[in-house]
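Here is a short report for a first look at this structure. Keep the sequence and the 3D view at hand while reading.

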Amino acid sequence: QNIRGASVWYTFEGTGERIVITTCSRVTDIITVLAVYDQSQCNSYTCVASTIQDARWDSGSFRGWTFWSLAANDDDSKCTETGVGASTVVFDSVAGQTYKLYVSEKGPGRQGGTFGLKATSMMAPVNDHCETAISLKTDGVEVIGSTVNATIDWEVLESCAFSRQNIRGASVWYTFEGTGERIVITTCSRVTDIITVLAVYDQSQCNSYTCVASTIQDARWDSGSFRGWTFWSLAANDDDSKCTETGVGASTVVFDSVAGQTYKLYVSEKGPGRQGGTFGLKATSMMAPVNDHCETAISLKTDGVEVIGSTVNATIDWEVLESCAFS
């Protein structure tokens, strides 16, 4: 159904690095699809990566099907060199492994055409996967991160209110320890040049994602306890209206940490057709007001004497919405 065109084959050797293969070229005049197979022998096809939309769901391990921020990889929206559907596929190669590359024209009734083809070996970010997360301090000092050449972690989809619709960008990981205080994490920085989304998970183990806080709009309603989903003055946390340091959508997330608890931080680029970029990242541990929650309300006398209060570092109490005419 999805390919019925003429096809040709190439062979190449893995480098142990990430390999990007694309038909984005000024000479490409046909809609192409790509598939990479992981053995030198023909007639025994074990797929490593494919540009056919939703092919990723056919694999037992999503990471075996790596896609580079494309709604369908046979229509690379970042390609400006051709007016037809160029394809781009990305995968992590094994050094010395022989691969076969299948290049086909998409759709019935096709009679062949010309394409430009380029394969590039490049280093992926060290923290491309949860298992290789970089340590992040909560001292308020900014670190510079990048999603360039990173892949999408499909495992986190459907957690923290993420879905295939609201994130399709490259992602990287960090790890940090709870302080027992409120922690504010933000990508509000002059170096941030991509729209980011953030998610915090509350365990050190990967592949078991229990969400603590997320910047996806309305994610808070998915939690049994609204306080697990804290938002900092945002309609949607992937567009921090308080941030004036970047013109793109910075993200900010706030949550109350448990002292000594190991957390994982997921930083992703939002939206389809993205190919990575740079962001500034800062995690700050700070004391919340004593009376931040109803249960810790401060005693107030009715003697007419003024007291000074503050909402600095306080969170929103979603529980009061829909009461007293709040909304």
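## Buried or exposed

A residue is called buried when its relative accessible area is under 20%, and exposed when that area is over 50%. Values in between count as partly exposed. The model shown here is predicted.

Take Y174, a residue of strand β10. Y174 has a relative accessibility of 5%, so Y174 counts as buried. Leaving out residues up to four places away in sequence, Y174 touches N127, A133, I134, L136, G145, Y263, K264, L265, V267, F279 and L281. K137 is 37 residues from Y174 along the chain, and their C-alpha atoms are separated by 9.7 Å.

T244 sits in the loop between β13 (211–214) and β14. Its relative accessibility is 75%, so T244 counts as exposed. T244 and R190 are 54 residues apart in sequence, yet C-alpha to C-alpha they are 8.6 Å apart in space.

## Aromatic pairs

How many aromatic pairs does the structure hold? There are 12. One of them joins W9 and Y37: the ring centres are 5.8 Å apart and the planes meet at 35°, so this pair is tilted. W9 belongs to strand β1 (residues 7–13) and Y37 to strand β3 (residues 32–37), so the pair ties together parts that are 28 residues apart in sequence. W9 is partly exposed, at 39% relative accessibility. Y37 is buried, at 15% relative accessible area.

F176 and F255 form another pair. Their ring centres are 6.2 Å apart and their planes are at 55°, so this pair is tilted. F176 lies in strand β10 (residues 171–177) and F255 in strand β14 (residues 252–256), so this pair links distant parts of the chain, 79 residues apart. F176 is buried at 4% relative accessibility, and F255 is buried at 1%. Elsewhere, ring pairs link W9, Y37 and Y102 into a cluster.

Strands of a sheet pair through backbone hydrogen bonds, either parallel or antiparallel. Here an open sheet of four strands runs in the order β9-β16-β11-β14, and its pairing is antiparallel. Which strands stand at the edges? They are β9 (143–146) and β14. Each has a single partner strand, so one side of each is left without a neighbour in the sheet. On average, neighbouring strands of this sheet are turned by 25° against each other, direction ignored.

Look at β11 (residues 182–186) and β14. These strands run antiparallel and are joined by five bridges. R182 stands opposite D256 in β14.

## Nonpolar cores

In soluble globular proteins, nonpolar side chains tend to be buried together. The largest nonpolar core in this model has 21 residues. Which residues have the most contacts inside it? They are F176, I185, V200, F255 and L265. The elements giving two or more residues to this core are β10, β11, β12 (196–201), β13, β14, β15 (262–269) and β16 (278–286).

V200 shows what such contacts look like. Not counting residues up to four places away in sequence, V200 touches C160, F176, I185, T210, C211, V212, A213, V253, F255, Y263, K264 and L265. Another core lies apart from the largest one. That other core has 14 residues, among them F12, I19, I30 and V103.

Terms used
Residues numbered from 1 in each chain as written. Predicted model: local features only at pLDDT ≥ 70, side-chain atom pairs only at ≥ 80, totals over all residues. Heavy atoms only, no water. Phe/Tyr/Trp six-rings, centres within 6.5 Å; stacked < 30°, edge-to-face > 60°. Buried < 20%, exposed > 50% of the residue type's maximum accessible area, 1.4 Å probe, protein only. Contact = heavy atoms within 4.5 Å. Pairing = 2+ DSSP bridges. Axes fitted to C-alpha atoms, helices over the stretch in contact; angles between N-to-C directions. Core = buried A, V, L, I, M, F, W, Y, C linked by side-chain atoms within 4.5 Å.
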